[in-house]
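Me: I have a structure open and would like to go through it step by step. Could you help me with it?

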Amino acid sequence: MEPDMVTEMIIETAKKGVKATGIVGDDDTTTAARLKTNVPHMVEKRSDKNHVKKNLANCLYGMQKNFPTLSTKNINYLLKLFNYNISQNKQNPVGISRGMDAVVGHAFDDHSFCDDTWCRFIHNSSAKYSSFPYGRPLTKPSLKAALFDVFGAYKKIAPKLSMLSSTQANESLNKSIASKAPKQLHLSGSANLNFRIAAGVAQKNLGSCYLTNVI
Ligand SMILES: [Zn+2]
């Protein structure tokens, strides 16, 4: 969402007696700066889970040029471990930080940072990696060092990662409204647009039964 729009919405809702104390979005610093300057009360900025995951995926795909063994399958497995770490350690930055070492270590058959709640190699060293080719772990030392660098950087922002939220509800509302009021159509010349947006909001709040209620 545009920084100006976020600021305006927070100011307008505050006038109506609702104080928004936090927003979720991508790591765009302009929004945080605008909020600080224009909104009198404190608004906490939280990162969006999907943006964080997308940034990591882009970074790993960027490494493929130097490390051809880092296949798409391997990347998906590392992303799965990363997601698991974030989901299991909500409001636990220490757990997230340790988990980042576990993600890389686990992929290279080093389970010293793993936890037996999810790592089956702790009690069964002959287990196979079902997500890796031939069931074997990664081995290249230079790749291991590079991945430790990448995942190590996330340890520095562990407190932020432990407070991630999602903009999924927002995206879902946008999609519902866009299905009723497509951007390529000019609908704002009459009340047409208002009704279409209201229909999108009603669908979000009540489900598709809003239509039978109206009828
Ligand atoms: Zn492990």
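Predicted model: local features only at pLDDT ≥ 70, side-chain atom pairs only at ≥ 80, totals over all residues.

Me: What does the UniProt annotation say about residues 1–119?
Reply: According to the unreviewed UniProt entry, residues 1–119 carry the annotation "domain: Mutator-like transposase".

Me: How much helix and strand is there over residues 1–119?
Reply: The chain over residues 1–119 is 59% helix and 7% strand.

Me: Let us turn to the surface. Which residues form a nonpolar patch there?
Reply: The patch consists of Met1, Met5 and Met9, which together have about 320 Å² of accessible area. Met9 belongs to helix H1, residues 3–15.

Me: Which helices and strands supply the lining of the largest pocket?
Reply: At least two lining residues come from each of H1, strand S1 (22–25) and helix H8 (168–180).

Me: And cavities? How many of 30 Å³ or more does a search of the whole structure find?
Reply: The search finds one. The largest cavity contains about 30 Å³ of space, and Lys49, Ile86, Lys90, Leu161, Ser162 and Leu164 line it.

Me: Changing topic: how many salt bridges does the count come to?
Reply: The count comes to four salt bridges. In general, side chains of opposite charge can pair when their charged atoms come close.

Me: What does Asp4 pair with?
Reply: Asp4 forms a salt bridge with Arg34, and their closest N and O atoms are 2.6 Å apart. This pair links distant parts of the chain, since Asp4 is in helix H1 and Arg34 is in helix H2 (residues 29–38), 30 residues apart. Arg34 is partly exposed, with a relative accessible area of 32%.

Me: Where are Asp101 and Lys155, which also meet in a salt bridge?
Reply: The N to O distance between Asp101 and Lys155 is 3.0 Å. Asp101 lies in helix H5 and Lys155 in helix H6, 54 residues apart, and this pair also links distant parts of the chain.

Me: Why does Asp101 count as buried?
Reply: Asp101 counts as buried because its relative accessibility is 13%, and the class requires a value under 20%. Lys155, at 29%, counts as partly exposed.

Me: What about Arg46 and Glu44?
Reply: The side chains of Arg46 and Glu44 meet in a salt bridge at 3.6 Å, N to O. Arg46 is partly exposed at 29%, and Glu44 is partly exposed at 34%.

Me: One last topic, backbone angles. What is phi of Gln91?
Reply: Phi of Gln91 is near 60°, a positive value in a residue other than glycine. Gln91 sits in the loop between helix H4 (72–88) and helix H5 (93–107), and it is exposed, with a relative accessible area of 64%.

Me: And phi of Asp109, what is its value?
Reply: For Asp109, phi is near 65°, which is likewise positive in a residue other than glycine. Asp109 is in the loop between H5 and helix H6 (141–156) and is partly exposed, with a relative accessible area of 41%.

Notes: Residues numbered from 1 in each chain as written. Heavy atoms only, no water. UniProt positions renumbered as here; feature names shortened; annotations may be inferred. Helix = DSSP H or I, 4+ residues; strand = E, 2+ residues; numbered from the N terminus. Patch = residues over 30% accessible without salt bridge, like charges linked within 9 Å, V, L, I, M, F, W, Y side chains within 5 Å. Areas by Shrake-Rupley, 256 points an atom, 1.4 Å probe, with all protein chains shown as cover. 1 Å grid on protein atoms, 1.4 Å probe; cavity = no way out; pocket = protein on both sides within 12 Å on 5 of 7 lines; lining within 4 Å. Points joined across faces, edges and corners; volume = space filled by probe spheres on them. Buried < 20%, exposed > 50% of the residue type's maximum accessible area, 1.4 Å probe, protein only.
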